[in-house]
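Hi everyone, thanks for coming. Let me put the structure up, and then we can walk through it together.

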Amino acid sequence: QEEIPAYTLYLAEIARRTGGQLYFIREANTLADTFQQIALKIRAEYTLGFSPMGTKDASPRPGWHQLDVKVIGHGEPTVVHRTAYYVPR
């Protein structure tokens, strides 16, 4: 049984928290296959912007906030996104 290096677990956690993805060269036939997978995903990708709103008298509440993104009325697309965002003080 191969042990997963700590740096791989660290990178996987960063990718998970930011909505990213890891590609393992060992799992692809060639490096070109990996690049092709990435290119296909980029072609079907949309970017949404979000700016937390405060009230007219106050800024957004500082700290971590959960984030959930859903697409309604377009079948069941795969949605990949970060799970939280941070508002500094």
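Which side chain does Lys70 meet in a salt bridge? The partner is Asp68, at 3.8 Å from N to O. By salt bridge I mean a side-chain nitrogen of Lys or Arg within 4 Å of a carboxyl oxygen of Asp or Glu. Lys70 and Asp68 are exposed, where exposed is over 50% relative accessible area, buried is under 20% and partly exposed is in between, with a 1.4 Å probe and protein chains only.

Before I go on, a word on the basis: this is a predicted model, where local features need pLDDT of at least 70, side-chain atom pairs count only at pLDDT 80 or more, and totals for chains, interfaces and linings use all residues. Residues are numbered from 1 along each chain as its sequence is written, and side-chain values use heavy atoms, leaving out hydrogens and water.

The structure holds 3 salt bridges, so let's move to helix 1, residues 6–18. Helices here are DSSP runs (H or I, at least four residues), and strands are E runs of at least two, numbered from the N terminus. Glu13 pairs with Arg16, the closest N and O atoms being 2.7 Å apart, and Glu13 also meets Arg17, again at 2.7 Å from N to O. Why about one helical turn between Glu13 and Arg16? Because they are 3 residues apart in helix 1. Arg17 and Glu13 are 4 residues apart, which is also about one helical turn. Arg17 counts as exposed, at 52% relative accessibility. Shared partners join Glu13, Arg16 and Arg17 into one network.

Now, the pockets. A pocket is an open set of points on a 1 Å grid over the protein atoms alone, where a 1.4 Å probe fits, with protein on both sides within 12 Å along at least five of seven lines; lining residues have an atom within 4 Å of a point. Volume is the space filled by probe spheres set on the points, which are joined across faces, edges and corners. The largest pocket has about 1,100 Å³ of space. It is lined by 25 residues, and the closest to its centre are Glu45, Tyr46, Val79, Val80 and His81. Helix 2, residues 31–43, gives the most to that lining, with 3 residues.

The second largest pocket has a volume of about 340 Å³. Its lining has 12 residues, with Ile4, Pro5, Thr8, Phe24 and Arg26 closest to the centre. Thanks, everyone!
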